[in-house]
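The exercises below are meant to be worked through with the sequence and the coordinates open side by side. Each one sets a task and then goes through a solution step by step.

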Amino acid sequence: MADTSSKTILKRILKQLKGYKILLAATILFALITVAGTLAVPVFFGQVIDLLDIEKFPQIDFKQIFDKFIIIGAIIGVTCVAQWLMGVVNNRITFHIVKDIREEAFANIQRLPLKFIDAHSYGDIVGRNIADVDQFADGLLMGFTQLFTGVLTILGTLVIMFVLNWIIALIVFVLTPLSLFVAKFIASRTYSMFKKTSEIRGEQTAFIDEMVGNLKVVQAFGREDENLEKFDEVNERLTKASLKSIFFSSLTNPCTRFVNAIVYAAVALAGALILIIPSWSAVLPVAFSVGTLTSLLSYANQYTKPFNEISGVITELQNAIACAGRIYEIIDETPQTPDSPTAETLENVSGDINFENVYFSYTADKKLIENLNISAKAGQRIAIVGPTGCGKTTLINLLMRFYDPTDGKISVDGKNVLSVTRKSLRKNYGMVLQDTWLKSGTVRENIAMGKPEATEDEIIAAAKAAHSHKFIMQLPNGYDTVLAEDGGNLSQGQKQLLCITRIMLCLPPMLILDEATSSIDTRTEQRIQRAFTKLMNGRTSFIVAHRLSTIKEADLILVMNNGNIIEQGTHSELLEKGGFYAKLYNSQFAA
């Protein structure tokens, strides 16, 4: 389990900053210029006040005062430009880091084993990569914008105050820890609150994603009111958690402002006493005037202001760190076992597939497949039948290496699939599942997904072979019609036809058809079956089917139950046996 403590996460964030040393140096430089300009202005204002001594009227040197104001204006101008440039650089650093984190998280999602995806809601994973990263960016940007200037302002102001008047500077220095103590006390208690808020937000995102994606089912079963109650319950928890975390974090600013007001009052009182009592002024190494006191009051205000800003930054950083922790959990999640360094690329596949004493279970305490042996010769059509939960889909997952067997060996053309790259293995399979998936894009892009270099003629030929060309041409823009998310503007049967067209285009040496015609009407299914017969000619094919009428012509039928093959043979052979398959078949055609 990865360490998700705030200190560990903060160290990881700082480690990622090392890749942007030049930009960091630039933002520190601009911060120095900004702080130097901000600290220089009160000195000149103090000098202007001393020049405006009423006792010297009318011999006041207005030219010198005017020159001081020109200098002040120039300093303010340079400070503003430096502050703007610092903001630009900070934005660049922040959003580059956010880009890096999103890429890391998304890249690892691509490498994660399916068992992780199956165990987590899609909405939560999406929420971490979008909402949590955005929250992290907001906190990080505030940190860069105010942290550097705040720390430099505190240090610079303290140094100048010691130069101007060590007594007042000492008073300020002694009272400073009060602000730090208050900020640390509150911040240390808000991290867990922000973490809980992020978790509930992820739960809410997952629920919304699930309900929107299955709205038809929700409405069909009349579950709108129940879902609204569930959403209200989650929303209420999120509201309470958010209010609690914000309430406690919001205490930081007023508490530090109260301490800062005490510091300001102490400076004013000490300065006034020094001016009034001559003996106090006599011990100072430099002359103390009203202008100097004005400068010190300004510095006292500047000195305490960063504490308010930093306390706000700490609050945002606590939220950002909590969100970063959820993102790093995905980044640190153990990916699927990588391909062996010596893994070969599977090429020129004929299609001989063997399962030798294969064992597999999703969880250690629940056995599924035990001592499975299958021998499929190149070009054979292997049908897999059996009741729900018997292991048919698991067998497909093992063929595609979505999961690896816990024991035993699966080979293609005599090569152990563990010794070849996953990419080359999967490239040699064409898979059409019962659950269709289409990406947002044109019809052409969806068909050419497995063969991006395909020509227009090849795409059209594949569509005609899969009997999808006709309905595609009836779409508003034909092959250039843009499909909604997951092909939402097509019927289920049309989406299935497009998925079949993909395979027709690629013509891989091995096929997996998992209820591939389940969403197609009987008439179209007959045409698709003829197309599949042509497609499967010379290709090793695994056909998972519940409708046993579709697999009569299979070379070998494997009958599975409880993870084991209990019967195998051709359609006629299995009927003659009068066993499990015969009962299944007769139950479908009892009439």
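**Exercise 1. In which helix is Arg502 found? Determine its surroundings as well.**

Before starting, note that this is a predicted model, in which local features need pLDDT of at least 70 and side-chain atom pairs count only at pLDDT 80 or more, while totals for chains, interfaces and linings use all residues. Residues are numbered from 1 along each chain as its sequence is written, and side-chain values use heavy atoms, with hydrogens and water left out.

Step 1. Arg502 is found in helix H17, where helices (H or I, at least four residues) and strands (E, at least two) are DSSP runs numbered from the N terminus.

Step 2. With a relative accessible area of 12%, Arg502 is buried; the classes are buried under 20% relative accessible area, exposed over 50% and partly exposed in between, with a 1.4 Å probe and protein chains only.

Step 3. Leaving aside neighbours within four places in sequence, Arg502 is in contact with Trp437, Leu438, Asn446, Ile447 and Met449, a contact being heavy atoms within 4.5 Å.

**Exercise 2. Trace the strand order of the six-stranded open sheet and describe the pairing of strand E3.**

Step 1. The order is E6-E9-E10-E3-E11-E12, with mixed pairing; two strands pair if DSSP finds at least two bridges between them.

Step 2. At the edges are strand E6 (429–432) and strand E12 (564–569), each of which pairs on one side only.

Step 3. On average, neighbouring strands of this sheet are turned by 15° against each other, direction ignored.

Step 4. Helix H17 packs on the sheet, where it touches E6 and strand E9 (510–514), and its direction makes about 175° with that of E6; axes are lines fitted to C-alpha atoms, for helices over the stretch in contact, and angles run from 0 to 180 degrees between N-to-C directions.

Step 5. Strand E3 (residues 381–385) pairs in the parallel sense with strand E11 (residues 556–561) over four bridges, and four bridges also join E3 to strand E10 (residues 540–544), again in parallel.

Step 6. Ile384 has Leu558 as its bridge partner in E11 and Val544 as its bridge partner in E10, while Ala383 stands opposite Ile557 in E11.

Step 7. Four of the five residues of E3 are buried, and the strand is mostly covered.

**Exercise 3. Is helix H12 largely enclosed or open?**

Step 1. Lys392, Thr394, Leu395, Ile396, Asn397, Leu398 and Leu399 are buried in H12.

Step 2. Because seven of the eight residues of H12 (residues 392–399) are buried, the helix is largely enclosed by the rest of the structure.

Step 3. Just after H12, Arg401 takes a positive phi of about 60°.

**Exercise 4. Characterise Asp480, and state which residues it touches beyond its sequence neighbours.**

Step 1. Asp480 has its place in the loop between helix H16 (469–473) and strand E8 (482–483), and with a relative accessible area of 44% this residue is partly exposed.

Step 2. Not counting residues up to four places away in sequence, Asp480 touches Thr442 and Arg444.

Step 3. Asp480 and Thr442 are 38 residues apart in sequence, yet 5.3 Å apart in space from C-alpha to C-alpha.
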